[in-house]
Amino acid sequence: MASRKRPETRKTPEVVVRRKSKRSRSPRELEPEAKKLCVKGPGSSRRFDSGCLWAGLASLQVSSPCRNIVRALHHHKLGKAAWPSVQQIGAGGSITGLKFNPLNTHQFFTSSMEGMTRLQDFKGNTLQVFTSYSICNFWFCSLDVSATSRVVVTGDNVGNVILLNMDGKELWNLRMHKKKVTHVALNPCCDQFLATASVDQTVKIWDLRQVKGKSSFLYSLPHRHPVNAAHFSPDGAQLLTTDQNSEIRVYSASQWDRPPSLIPHPHRHFQHLTPIKAAWHPRYNFIVVGRYPDPNFKSCTPYELRTIDVFDGSSGKLMHQLYDPESSGIISLNEFNPMGDTLASVMGYHILIWSQEEAGMQK
């Protein structure tokens, strides 16, 4: 089949924000207050005082709409300047990866289904194009950046991974997987090590100094299902993987060949759902992930809620669940701020901001 030419990028005049839906909810969504889940009890962890941490988690609340918080922060920093409008891609051109430029916080890198990996600013300007496909058959699915090594790494939908320096020079371009590369991640403490995840049901570990071809990986970690993500822990000592069915794994970086810790968890995937990805807390050894109840999952209960689940990273024990009865959609992505006291959760067109009451952001 002949390749189709990629349509031109269109610019929209403003960012559109969809408010929370006011529709009436079904009886399934309106379960009794007893269904609102709370702290399950303290658990052991090698890296923190669990009692203090879980008490902090218990005080988390969902704050007012994200738009108001972001606008307030923007006005606080820039005065009453107009809200910036970043150039949008248009239909079918979703952003697949985003990383702030570690050398300039007013800039960010993106990978997209538009077929580009590029550096942009908040005025909507493209400062530099690192990779580009001119046809619709190929696009980029993942992205990571290192300030120490000054490199950008990106993966595409047919298994290629490209490494470039921050000047845009391509260092290598290799087919590392048989299918789409869903995630690339550089080790935060030793960034010559790269983890790549793919729908070919593998996660591979690479040493950037020794990459010569598709067989030069250090380790290949087979999974039973396609893999959505592979995240190194903040200390670089562990690797967290999320598949497209019902399994979260935690590997030890010092013993890749050792069987991983397995955490059964319902988060099955379908075409129009943003892939669910488990993430680390930036300071403590615990994991957050959105739950998509599955009637075929072993421990599924009637009217199970679409919660944000918090697991102890050492034991795999479920410690806490967050739920907002007014926002009962599927939480696909979760991201903590660097201090770890505020959590942003992505649910379709909405972003929920969870913060402790002391932060002054109440529901």
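Predicted model: local features only at pLDDT ≥ 70, side-chain atom pairs only at ≥ 80, totals over all residues.

Colleague: Okay, so is lysine 99 buried, exposed or partly exposed?

Modeller: Lysine 99 has a relative accessible area of 35%, so it counts as partly exposed.

Colleague: And which residue does the side chain of lysine 99 meet in a salt bridge?

Modeller: That would be aspartate 144, at 3.8 Å from N to O. The pair links distant parts of the chain: lysine 99 sits in strand β2 and aspartate 144 in strand β6 (residues 140–146), 45 residues apart.

Colleague: Is aspartate 144 buried or exposed?

Modeller: Buried, because its relative accessible area is 9%.

Colleague: How come side chains like that pair up at all?

Modeller: Side chains of opposite charge can pair when their charged atoms come close.

Colleague: How many salt bridges does the structure hold?

Modeller: Seven. One of them joins the side chains of glutamate 114 and arginine 118, at 2.8 Å from N to O. Both glutamate 114 and arginine 118 are buried.

Colleague: What about networks? Which residues are linked in a network of salt bridges?

Modeller: Arg224, Glu247 and Arg249 are linked that way. Within that group, arginine 249 and glutamate 247 form a salt bridge whose closest N and O atoms are 2.7 Å apart. Arginine 249 counts as buried because its relative accessible area is 8%, and glutamate 247 is buried too, at 10%.

Colleague: Let's go to the strands. How many residues of strand β16 are buried?

Modeller: Five of its six residues, so β16 (residues 247–252) is mostly covered.

Colleague: Which strands does β16 pair with?

Modeller: Strand β15 (residues 238–243) pairs with β16 in the antiparallel sense over five bridges, and in that pairing leucine 239 has tyrosine 251 of β16 as its bridge partner. β15 and β16 form a hairpin, with three residues between them. Four bridges also join β16 to β17 (residues 261–264), again antiparallel. In that pairing, isoleucine 248 stands opposite isoleucine 263 of β17.

Colleague: What holds paired strands together?

Modeller: Strands of a sheet pair through backbone hydrogen bonds, either parallel or antiparallel.

Colleague: There's also an open sheet of four strands. What order do they come in?

Modeller: The order is β18-β19-β20-β21, with antiparallel pairing. At the edges are β18 (279–280) and β21 (318–322), each pairing on one side only. Strand β20 (residues 308–312) pairs with β21 over four bridges, and isoleucine 308 has leucine 322 of β21 as its bridge partner.

Colleague: Switching topic: how much space lies in the largest cavity?

Modeller: About 30 Å³. The structure holds one cavity of 30 Å³ or more.

Colleague: Last one. Which residues make the nonpolar surface patch of about 380 Å²?

Modeller: Ile95, Leu98, Phe100 and Phe122. Isoleucine 95 is found in strand β2 (residues 95–100). With a relative accessibility of 45%, isoleucine 95 counts as partly exposed.

Terms used: Residues numbered from 1 in each chain as written. Heavy atoms only, no water. Pairing = 2+ DSSP bridges. Helix = DSSP H or I, 4+ residues; strand = E, 2+ residues; numbered from the N terminus. Patch = residues over 30% accessible without salt bridge, like charges linked within 9 Å, V, L, I, M, F, W, Y side chains within 5 Å. Areas by Shrake-Rupley, 256 points an atom, 1.4 Å probe, with all protein chains shown as cover. Salt bridge = Lys/Arg side-chain N within 4 Å of Asp/Glu carboxyl O. Buried < 20%, exposed > 50% of the residue type's maximum accessible area, 1.4 Å probe, protein only. 1 Å grid on protein atoms, 1.4 Å probe; cavity = no way out; pocket = protein on both sides within 12 Å on 5 of 7 lines; lining within 4 Å. Points joined across faces, edges and corners; volume = space filled by probe spheres on them.
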